[in-house]
Structure formats: structure tokens, C-alpha cells
Amino acid sequence: MTTPSKSGFTLFGDPVSGNCLKPKWTADLLGISYDWVTVDVLKAETRTPTFLSINPAGQVPVARWPDGRVLPQSNAIMLYLAEGSRLVPEDGFERAEAFSWLFWEQYSHETAIAVRRFQKHYLKKSDVDIDPALTVKGNYALSIMEQRLNGRDWLAGRGLSVADIALVAYTRVAHEGGFDLGVYPSVDRWVLRVEDALGIPHAREIA
Ligand SMILES: N[C@@H](CCC(=O)N[C@@H](CS)C(=O)NCC(=O)O)C(=O)O
């Protein structure tokens, strides 16, 4: 049986979504070819019948291969693309640590930092109209990352991994959600390190 190719897929995503950028950056770094199709979340393009026939959950990112395979969920797409590469630690425990950060990101980080950023930066809500619990939860998540990155360059393993890619997606734009990375110096330096490793611009320098 031949293994189906990872290349040549279509990535449906919104460029303002960190979740969508995770698989994009992974494919770019590993030289896996894909076509990007923009689906505008703010215009509710994730809710059209055509899009819902691709992902009934109505969310981007979603990847579709020419043979009909469809894969939603940013971290699942990223892991599939990265499997067997240097982005997934070879050592079993280090690999489990990377996965641990991926699960944590979805439950404890993205749910505060990405949500607050979306409400403040894109929906233009004023601070008083945003649930204060998001600030507390987001800062707590950043403090957990600060502890981990104090004295180490990467979240898991010995180099850039899927864990760094997943976590940098929204951490690098946390300021757009009203979070101050200056309070988290190890995280602040790590963001630049990961952006450089990915060959992407420093988000803090973009107006
Ligand atoms: N856990 C999912 C979250 C995906 C998600 O929340 N996508 C947002 C954009 S970041 C979306 O498509 N929202 C549109 C909607 O819910 O209609 C993942 O990591 O892929």
C-alpha cells in the first residue's frame, strides 16, 4: 500500500487567525506544497453551506487533499505535516512534552489570549466590555510559559518543535489583546527566537 502524499493540499484559512498560521508556517518550513484559500471569519464565510460541507464544525483551519481526505484542527494538521520531521522530537518523552504543550495551548492559552485579542483588536470592544477573567487567565498562561522558558530556548526537545509553533501563534500578537510581554522577558525573547526560526516577521514591529 502506498502512503498518500502530504503535499498538494488545500489549506482553508484566515490570515488573521493564529490557528490557521500554524499549519501554514509548518508547511512553509518543511517545503510541503499547498494552495491557500482565504476564508474570512469576520464575514462569516465559515458558515456558508459550501464551507460547512468541507468542515461541518464551521471553523478554519481545515486541510483538504485531492484524494478527498479532510483534516480540521490546527494542531492535528500541524502534527500530520510535521510527523517524521525535526519538528517532532524523536525521544518519546520529549515528544510527549511537545504534545502536552499542544493540549495546554488549546485549553488554557488560546481560549484566553486569542479570544481577548479577537474581541479587542477585531471586534473593537472596549476593555470594560470584555470579560476580565480573560485577562487573568491569559496572564496566568503567560506566567506558566515564563517559568518554562526561563533558562531554556524551546518549549520541548532540543530545538524548534510543533510546541513552539503552536504557542507562538497567539503569543506573538498577545499585545493586540492588551497583554504586555515586557512582563515576561523569557517569553519575549523566545517569541523573537521562534519568529526567526520560522523566517516570519517580528509581530511587534508590525503596526
Ligand atoms: N481548536 C480549533 C479552533 C479553530 C477556531 O477557533 N477557528 C476560528 C478562527 S481562529 C474560526 O474558524 N471561527 C469561525 C467560526 O467559529 O465561525 C483549531 O485549533 O483549529
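Reader: Which helices are included in what covers the buried residues of α4?
Author: Happy to start there, and please keep in mind that this is a predicted model. The buried residues of α4 include Ala-98, Trp-101, Leu-102 and His-109. The cover over these buried residues includes α1, α3, α5 and α6.

Reader: Where is the kink in α4 centred?
Author: Helix α4 spans 92–122. Along the way it has a kink of about 55°. One of its buried residues is His-109, and the kink is centred on His-109.

Reader: Which residue just after α4 takes a positive phi?
Author: Look just past the end of the helix, where a phi of about 60° turns up. The residue with this positive phi is Lys-124.

Reader: How many residues of α6 are buried?
Author: Helix α6 is mostly covered, and its cover includes α1, α3, α4, α5 and α7. Among its buried residues are Val-162, Asp-164, Tyr-170 and Thr-171. The count of buried residues in α6 is 10 of 10.

Reader: What share of the largest nonpolar core comes from α6?
Author: That core has 50 residues, and Met-78, Trp-101, Val-162, Ala-163 and Ala-166 have the most contacts inside it. Several elements each supply at least two residues, including β1, α1, α4 and α6. The largest share comes from α6, and it is eight residues.

Reader: Why does this core lie between domain 1 and domain 2?
Author: The chain is divided into domain 1 (9–82) and domain 2 (92–205). Val-162, for example, is in contact with Met-78, Leu-79 and Ala-82, as well as Ala-98 and Leu-102. The core lies between the domains because residues are given to it by both domain 1 and domain 2.

Reader: Which element gives the most to the side of domain 1 that touches domain 2?
Author: The C-alpha centres of the two domains lie 21 Å apart, and 13 residues of domain 1 are in contact with 12 residues of domain 2. On the domain 1 side, the elements giving two or more residues are α1 and α3. By class, that side has eight nonpolar, four polar and one charged residues. With seven residues, the element that gives the most is α1.

Reader: How many polar residues are in the shell around the ligand?
Author: The ligand is surrounded by 13 residues, and the closest are Ser-17, Asn-19, Thr-46, Gln-59 and Ser-74. Sorted by class, the shell has three nonpolar residues and one charged residue, and its polar residues number nine.

Notes:
Residues numbered from 1 in each chain as written. Predicted model: local features only at pLDDT ≥ 70, side-chain atom pairs only at ≥ 80, totals over all residues. Near = placed C-beta within 6 Å. Nonpolar A, V, L, I, M, F, W, Y, C, P; charged D, E, K, R; others polar. Core = buried A, V, L, I, M, F, W, Y, C linked by C-beta atoms within 7 Å. Buried ≥ 20, exposed ≤ 12 C-beta atoms within 10 Å, placed from the backbone. Helix = DSSP H or I, 4+ residues; strand = E, 2+ residues; numbered from the N terminus. Domains from an automatic or database assignment. Contact = placed C-beta atoms within 7 Å. Bend = angle between axes of the 7 residues up to and from the residue. Lists of a residue's contacts leave out its neighbours within four places in sequence.
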